[in-house]
Amino acid sequence: MSEQQPPLSTAGSVPPDPDRETPLARTGPAPGAPAGGTRFLSGGAGRSIGLVIALAALCVVGYATAGERFASVDNLLTILRLAAVYGVLAVGMTFVITGGGIDLSVGSVLGLASVWATTVATQSIAADFHWIVMVFTALLVGTACGVVNGVLIAYGRVVAFIATLAMLVAARGLAEIIANRRTWIVTVRPFLDTFQGSVLGIPVIVWMFGLVALGGWFLLNRTTFGRRTVAIGGNPEAARLAGIKVQRHTTYLYALAGLTAGIAAVMMLARTTAGSSTNGQLYELDAIAAVVVGGTLLAGGRGTIVGTVFGVIIFATLTNVFIQNNLSISTQAIAKGAIIVAAVMLQQRFAARSRST
């Protein structure tokens, strides 16, 4: 008679390590694993190389068509100044899109923050106390608008597209009411002296962009906040089951986008020396375009600050090349549209290739 095998006991087995990832069926190369060929080119390094090549090609075209005018140090600083405001907005947008959302209101929030920071009352307090009052006002207004967006989306369950579109319209309208459809000139001279100055020959607003980008990179890649953002963007339900407070974190993401809009408003005031309800008009589209071209997935779950910075600089360089060659704004818009479509098509191709490997 055959002897029946008793069931294996797990009493003496080693308990699973809670800090070790459970092996799952992978649809692409393992993170950190050595990869070559197609996998390398379809990964983050491949995307970065593609962005570097695209930027280098633009620089070659600019030098070939505009010569020394394009290659001068002054023109390089002009490109960086142009990229700075868009870049700060794009850093905040990277977090929102990585978390599976979208924010169409950052340009209007920038305009509202710039108006509120330059009202007679605000500038009077700043003149009597310190110019930092204008900065705090802009940051507070931007963050408050972001929190409203986040609460509507996370707790009110309003679709992100609709909630931020409503904020786009409302913020622009409120800015027009506060400004009375006028432009408020910055009269606090110390504010302008601080933010229009240079450090080591580089404009202060460019340093601000660099610091925001560096802080965004650290937050996304080296903190639990960044890991939770990626998890929520990849699968919000799985993130919720894993113990992540999805609603609260989503509110934080939109508050962060509002904060960067406030920072961008301060930079805009330094560039234009005026607060206006038209400041930041359509800037949200340029920010989204830079994020997408940089390699952040529109569907969420993957984001890259380095790619976003490259995307911003690519668009700023493209605009400069067109200006140097006296080409029309309409032609610039067509070229930008073509680049965005190409970037999205490449994203889809890489995603399909990852699923098939």
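So, Arg 181: at 68% relative accessible area, this residue is exposed. Keep in mind that we're looking at a predicted model. The side chain of Arg 181 meets that of Glu 176 in a salt bridge, with 3.4 Å from N to O. Glu 176 is partly exposed, at 26%.

Why can a pair like that form? Well, side chains of opposite charge can pair when their charged atoms come close.

How many salt bridges does a search of the whole structure find? It finds 3. Okay, on to another one: Asp 193 with Arg 189, where the closest N and O atoms are 3.1 Å apart. Both residues sit in helix α9, residues 189-195, and they're 4 residues apart, about one turn of the helix. Asp 193 is partly exposed at 47%, and Arg 189 is partly exposed, also with 47%.

Then there's Arg 240 and Glu 237, with their closest N and O atoms 2.5 Å apart. These two are in helix α12, and because they're 3 residues apart there, about one helical turn separates them. Arg 240 comes out partly exposed at 46%, and Glu 237 is partly exposed at 41%.

Arg 227, Arg 228, Lys 245 and Arg 248 form a positive surface patch. Arg 227 belongs to helix α11, which covers residues 224-234.

Last stop, Val 206, in helix α10. Is Val 206 buried or exposed? It's buried, because its relative accessible area is 12%, and buried means under 20%. Leaving aside neighbours within four places in sequence, Val 206 touches Leu 80, Arg 81 and Ala 84. Val 206 and Leu 80 are 126 residues apart in sequence, yet their C-alphas are 6.3 Å apart in space.

Key
Residues are numbered from 1 along each chain as its sequence is written. This is a predicted model: local features need pLDDT of at least 70, side-chain atom pairs count only at pLDDT 80 or more; totals for chains, interfaces and linings use all residues. Side-chain values use heavy atoms; hydrogens and water are left out. Patches are made of residues with over 30% relative accessible area and no salt bridge: like charges are joined within 9 Å, nonpolar side chains (Val, Leu, Ile, Met, Phe, Trp, Tyr) within 5 Å. Accessible areas come from the Shrake-Rupley method with a 1.4 Å probe; for residues, only the protein chains shown count as cover. A salt bridge is a side-chain nitrogen of Lys or Arg within 4 Å of a carboxyl oxygen of Asp or Glu. Lys and Arg count as positive and Asp and Glu as negative; His and the chain ends are not counted. The place of a charge is taken as NZ of Lys, CZ of Arg, CG of Asp or CD of Glu. Buried means under 20% relative accessible area, exposed over 50%, partly exposed in between (1.4 Å probe, protein chains only). Contact means heavy atoms within 4.5 Å.
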